[in-house]
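Colleague: I am new to this structure. Please take me through one part of it closely, starting with an aromatic residue and then its surroundings.

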Amino acid sequence: MKKYVGLMLTLVFVLLLTACGGNNAGSSSTKENVTVKLGIFKNVTHAAGYIALEKEFLQKQLGENVKIEVQAFDNGSDFSTAIATGQIDLGYVGPGPSTNQYLKSSNFRVISGADNGGAVLVAGKDSGVATVKDLVGKTIAIPTKGSTNEISLRLLLEQEGVKVTTDNTGAQIVARAPSDTLVALRQNEVHATLIPEPWGTQIEQEGIGKVIVPWDQIPPNNGDYPLVILVASDKFIKEHRDLAKGAVKANLEAIEFIGANPDEAYELINKRLSELSGKGLDIALIKAALSHMRLTSDVNQGALEEMAKVSIAAGYIKDVTEESLDLSKFLDLSLLEEVKSGK
């Protein structure tokens with residue numbers, strides 16, 4: 001009888017230990033050996049991702065058994081292709097190219113916001129451009145075709161009654177990498193650019209041009225539109241929902257950290273930027289850039305839909321009409337809601 005009771009007590013102890021063990025409350029870590037592939041841009045607008053990595057918020061949330069592989073991208077088209085084809089699991093990207101890709105593949109989702117706004121319209125010093133209306137007959141550079149920046153530019157031109165054309169009757173849009181845009185502005189090969197920070201501030205500080213539309217007047221919503229979002233593949237969410245939730249938590253922690261510790265954040269952002277691009281920035285530039293954006297986990301579906309309609313009109317999204325556009329399934333903010341409610 002004593003032996004039986006002893007055995008039962010041992011069994012109860014083991015069951016209690018199992019129930020109390022494993023993941024700590026509030027943690028999304030896993031005991032599995034998993035490799036998570038994260039995509040991110042070489043740009044200060046991806047600051048939340050940089051801090052999540054540098055402060056190890058992401059590693060702590062995912063767990064010590066998870067290996068994080070970071071892949072740097074130069075543009076949203078390459079990123080979106082990578083996540084749609086399983087080359088990466090999740091990461092930070094702009095809504096323009098990611099929405100275009102989603103409507104083709106429908107196999108990844110928006111799980112959180114990261115940054116609203118952060119782009120400016122800059123005119124070259126010798127361009128003769130002082131207002132948006134002056135862009136008739138001029139050439140404007142954007143980082144890549146179909147980018148979120150191009151969508152904002154098209155909305156801005158439309159608001160001011162300036163047509164997008166391939167001749168001098170309207171404004172012409174060309175794609176230039178930001179570093180090439182600086183050279184093109186100096187040589188007056190392009191007359192203006194709608195460009196993410198810190199490039200706009202850098203252009204102004206170097207005397208190459210002047211910001212004529214600040215970040216908080218760029219459409220849609222006067223700068224309060226998603227410029228960087230956190231997305232994850234359907235496969236990753238299905239197989240590792242706990243890890244996807246951990247990434248959302250880490251993103252929120254990073255946003256809060258930047259707000260509470262700006263000076264430390266500037267240094268850490270510069271460190272990660274140097275690692276990804278091989279070149280850092282003046283801290284003053286990073287500080288100025290972050291003051292021209294709003295870091296937030298919020299995602300405005302209406303703004304995403306407005307931008308998608310611009311892509312449809314521009315021919316970047318095929319086989320979808322403005323009337324048939326439906327992005328309700330593109331957003332899966334259930335993980336974000338769980339994190340915010342403490343679940």
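Modeller: This is a predicted model. Start at Y102. Y102 is buried, with a relative accessible area of 5%. Its ring partner is F108. The two ring centres are 6.3 Å apart and the planes meet at 85°. Planes over 60 degrees apart count as edge-to-face, so Y102 and F108 form an edge-to-face pair. F108 has a relative accessibility of 0%, so F108 counts as buried.

Now look at helix α5, which covers residues 95-105. Helix α5 packs against helix α4, residues 76-84. The angle between them is about 35°, and the axes lie 8 Å apart. The crossing of α4 past α5 is right-handed. On the α4 side, the contact uses G76, S77, S80, T81 and A84. On the α5 side, P97, S98, Q101 and S105 take part. An α-helix has 3.6 residues a turn, so residues three or four places apart point the same way.

Back to the rings. The model has six aromatic pairs. Another of them joins F57 and F257, with ring centres 6.0 Å apart. Their planes stand at 65°, so this pair is edge-to-face. F57 sits in helix α3, residues 57-62, and F257 in helix α10, residues 241-260. The pair therefore ties together parts that are 200 residues apart in sequence. F57 is buried, at 14% relative accessible area. F257 is buried too, with 10% relative accessibility. There is also an aromatic cluster, made of F41, F73 and F79.

Helix α10 deserves a look of its own. Helix α10 has 20 residues and reaches 29 Å from its first C-alpha to its last. That is close to the 28 Å expected at 1.5 Å a residue. Helix α10 is mostly covered, with 14 of its 20 residues buried.

Finish at K55, in the loop between α2 (47-54) and α3. K55 has 26% relative accessibility, so K55 counts as partly exposed. Leaving aside neighbours within four places in sequence, K55 is in contact with K60, F257, E264 and L268. One of these, F257, is the ring partner of F57. The C-alpha atoms of K55 and A265 are separated by 9.4 Å, although the two residues are 210 residues apart along the chain.

Note on methods
Residues numbered from 1 in each chain as written. Predicted model: local features only at pLDDT ≥ 70, side-chain atom pairs only at ≥ 80, totals over all residues. Heavy atoms only, no water. Phe/Tyr/Trp six-rings, centres within 6.5 Å; stacked < 30°, edge-to-face > 60°. Helix = DSSP H or I, 4+ residues; strand = E, 2+ residues; numbered from the N terminus. Buried < 20%, exposed > 50% of the residue type's maximum accessible area, 1.4 Å probe, protein only. Expected span 1.5 Å × (residues − 1). Axes fitted to C-alpha atoms, helices over the stretch in contact; angles between N-to-C directions. Left-handed = near helix turned anticlockwise from the far one by under 90°. Contact = heavy atoms within 4.5 Å.
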